[in-house]
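Here's a quick look at the aromatic side chains in this one. Have the structure open and follow along.

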Amino acid sequence: MDQEKVIVIDFGGQYNQLVARRVRECSVYCEIFSYRTPLDEIIAMQPKGIILTGGPNSCYGEGAPTYTRELFELGIPVLGLCYGAQLMNHILGGTVERASVQEYGKTEVFVNPSSRLFDGVGSPAEGEAVGAFCEEHAGDTRATICWMSHFDYIKKAAPGFAVTAHTADCPVAAAENPAKKLYSIQFHPEVLHTVEGSKMLFNFVRGVCGCSGAWRMDSFVEHSIREIRKRVGDGRVLLALSGGVDSSVAAALLSLAIGKQLTCVFVGHGLLRKDEGDEVEAVFGAKGRFDLNFVRVNAQERYYQRLKGVTEPERKRKIIGEEFIRVFEEEARKIGAVEFLAQGTIYPDVVESGMGGESAVIKSHHNVGGLPEHVDFKDIIEPLRSLFKDEVRKAGLELGIPEPLVFRQPFPGPGLGIRIIGEVTAEKVRIVQEADAIYREEIAAAGLDRSIGQYFAALTNMRSVGVMGDERTYDYAVALRAVNTVDFMTAEAADVPFSVLQTVMSRIINEVKGVNRVVYDLTGKPPGTIEFE
């Protein structure tokens, strides 16, 4: 995109996506790149600012991820976070060592408000913990709560750097060289546990970097429509339409850009929620509100055969992804002269599949890492590839898509294939469909459907002994999941009232044949992911 941007250089940090997300909250476009990205490519992007992420290594260790010193001599503002802060000071002549006291968790940090990063941050600090280094500005020193997670520490800041923050155990919690536009922070401002972290990042992005904040959904929609028309020309496009938020927004955007050049193919792979195939057709089919060419393909038996005996999650994802492509290729040949395949890929899909940055592959997404090597289309169009989930919803509203569809419960591309632990069978699909429908009904009846980020039922691979009607049973356990999240990069288990869970449990056990136990998953993200596989 032709616009101001801040780039994130990733050193393997677990919060890399959050950094980019927080920058975008400042209405500034941001992307993630690996530390292996050559300097000339960084320069060619013309970033207004650069942020270095955290990472699991020691910057002074042999073979540790690093970057060339020239990065800090470009005159472009650079902000180092945690490992990025240590690396900046290490490269520029400071001292980084293993800390005698390792900090982890919420920590009181004392900041100097004269720093541009800490403008408006914190409340007046008192007591001995303020520390000697702030004596000159003792009356101005302020305290704030930040999230620390480090084993090493900056013992001595690099020459030309002034220390601007510390904790009781960390002498250099922040240091900067404003003349060279270099800033380093030992803690993580990107996580919500750092109470004023968003303000600090805003101060860097909008203050130090001078970004105007022109990244908005209306401009994104306008730009995307122009780009799609330019790229497609008079060609024809086939869209993988699942009926979920991402593919629905992609469909609306493409329809607005190229009209009847677009054909939407909905694959009934037998892995959807209960009655969802009919619901999708009602919205997007001939009698729906969208002016689209709509094709429904019922292919459930084909999928069940391909998945027979498969239990490994990544293999299931790969099979489902490849089968999607093969079905689309077949439909394209029937339609004739289709050059482009469109998908509702979003930015978390890209990063979690190991294609945006340096962090480990978390899981392959059927429309990113799950693509086969050979795809029988001229090109793949992914108009939402740069957006996070909440940005996709904003774009949907901007496009005039009805709120019930925009805020529909997220559903993974591989469908129930990754909500069924172990082998996928028609019988298991029936069980999880019915259990999930009951769960969603009761959540809605309790008025919680718009306050919980995502909720669903999954079928575990565990069978256990139970008693029903004075008879012994040996049936499956269903797991209920509900999480609250802002950006789907991190999540916490939702506090669903126990009375609601009891009602759901009772209904599932009494109404769904093959289930005799219901459990509730309390795991957050991290350490888990939102989906089970």
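Tyr455 is buried, since its relative accessible area is 6% and anything under 20% counts as buried. This is a predicted model, so keep that in mind as you go through the rings. In total, it holds 10 aromatic pairs.

**The stacked pair**
- Phe266 and Phe294 count as stacked, because their planes sit at 15° with the ring centres 6.4 Å apart.
- Phe266 belongs to strand S12 (residues 262-268) and Phe294 to strand S13 (residues 293-298), so this pair ties together parts that are 28 residues apart in sequence.
- Both Phe266 and Phe294 are buried.

**The edge-to-face pair**
- Tyr455 pairs up with Tyr439 edge-to-face, with 80° between the planes and 6.1 Å from centre to centre.
- Here a helix meets a strand: Tyr439 is in helix H13 (residues 426-445) and Tyr455 in strand S16 (residues 454-468), so the pair ties together parts that are 16 residues apart in sequence.
- Tyr439 is buried too, at 0% relative accessibility.

**A cluster of three**
- Phe11, Tyr35 and Tyr83 come together as one aromatic cluster.

**Charges over rings**
- Arg419 has its charged end over the ring of Phe456, 3.8 Å from the ring's centre.
- Arg450 does likewise with Phe407: its charged end sits over that ring, 4.4 Å from the centre.

Note on methods. Residues numbered from 1 in each chain as written. Predicted model: local features only at pLDDT ≥ 70, side-chain atom pairs only at ≥ 80, totals over all residues. Heavy atoms only, no water. Phe/Tyr/Trp six-rings, centres within 6.5 Å; stacked < 30°, edge-to-face > 60°. Helix = DSSP H or I, 4+ residues; strand = E, 2+ residues; numbered from the N terminus. Buried < 20%, exposed > 50% of the residue type's maximum accessible area, 1.4 Å probe, protein only. Lys NZ or Arg CZ within 6 Å of the ring centre and 35° of its normal.
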